[in-house]
Amino acid sequence: MKTFLKEKVEIFNEFREEVFALYPQAVLEEAIARLLVEIKGTKKIPHETITTTLMGVLSKTETFNVMSTLIELQQMVRHDSELLASMKDPSYNVHRTIAMSICGLYGSGAISLFGFVDCKFRFFFPTKRPKSFISKGIAAIVASATSVVISDKVKENYAARNLELLGTRGVKLDDLVDILDQLQRPYNPDMPRSLCEDHILAVLAKQQTFHTIQLAIKIDRAVENGELNRQYTHIVGQDEGLFGVDESIATAIPLMYGTIALTNFGYLDKVKPGIIQDLDSDHAEGKCNTFMDDIVCGIVAAACGRLAHNNVPKYSKPLQ
């Protein structure tokens, strides 16, 4: 971001100190270790791994933005009687919704773990109040760090396998790079095209990207081959506007890169530039790309988010 009042490193150091003042680092690390024990089959993890992973989660811009919001809201609730009254309602869930933005960076596994930590908050933090804005953020941090530790054993780079899968549906690396370049060029006019390719390949390297692409292709092919229920085949084959499951599956990819990536997904799904439009309009000989066009949206949107988080743009708004 370009809006920090101080150097980013200094801001993030202060942020971590603020979090640890509320929940000491040792307490958070112990909570992660206890959660790992609670998960069946998880072996004892070296303490250094837990420390490194926790600090990694706390170094994410999305974590900073979400926790800063939750901390500010916690201050507001102390003198805002209306907000306090709403929070006391058993059905109040806005604080969870905000906090889970952190988990989204680490996939559905982190979101599932968030629910577990949230429900058993007193088990992990006996002296803390479970129903506060900050507690939901802490639950998200613990869940996310734990998810990273569990999935860290996956070392394979899936880029080649994903490119092979995409190729079977007529999608090439250059098709993805073209769209990303088109989206980012107005913000970074001097950006090398190779930067776009690097971020696309980084997204394709993820195991979660592989699983999402694989599932999307299997459903599209099953529809083409008439292997599914007749009614379902008709809905998917016609790419009904209210179906929505294609977008739901595809968003698993951009969600790993924050809400800015999800915003880009919606834009791409609506505008359908380049290969996305080609896929969406190709119905020749019973062709079905209902899921695949959204997958391409998801990959490029994720790369947009990754690029935004890792490269400060030259312009905060596109040039006219």
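Modeller: Phe116 counts as partly exposed, because its relative accessibility is 31% and that class lies between 20% and 50%. Bear in mind that this is a predicted model. Phe124 has a relative accessible area of 5%, which is under the 20% cut-off, so Phe124 is buried.

A pair of aromatic rings is described by the distance of the centres and the angle of the planes. Rings pair if their centres lie within 6.5 Å, and planes over 60 degrees apart count as edge-to-face. The count for this model comes to 12 aromatic pairs. One of them is formed by Phe15 and Phe64, with 5.4 Å centre to centre and 80° between the planes, and this pair is edge-to-face. Phe15 belongs to helix α1 (residues 8–22) and Phe64 to helix α4 (residues 61–77), so the pair links distant parts of the chain, 49 residues apart. Both of these residues, Phe15 and Phe64, are buried.

To return to Phe116 and Phe124, their ring centres are 6.2 Å apart and their planes stand at 70°, so this pair is edge-to-face as well.

Phe15 and Phe64 also belong to a group: together with Phe12 they form one aromatic cluster.

Charged side chains meet aromatic rings too. The charged end of Arg34 sits over the ring of Phe123, at 3.9 Å from the ring centre. Likewise, the charged end of Arg161 sits over the ring of Phe210, and here the distance to the centre is 4.3 Å.

Note on methods
Residues numbered from 1 in each chain as written. Heavy atoms only, no water. Phe/Tyr/Trp six-rings, centres within 6.5 Å; stacked < 30°, edge-to-face > 60°. Helix = DSSP H or I, 4+ residues; strand = E, 2+ residues; numbered from the N terminus. Buried < 20%, exposed > 50% of the residue type's maximum accessible area, 1.4 Å probe, protein only. Lys NZ or Arg CZ within 6 Å of the ring centre and 35° of its normal.
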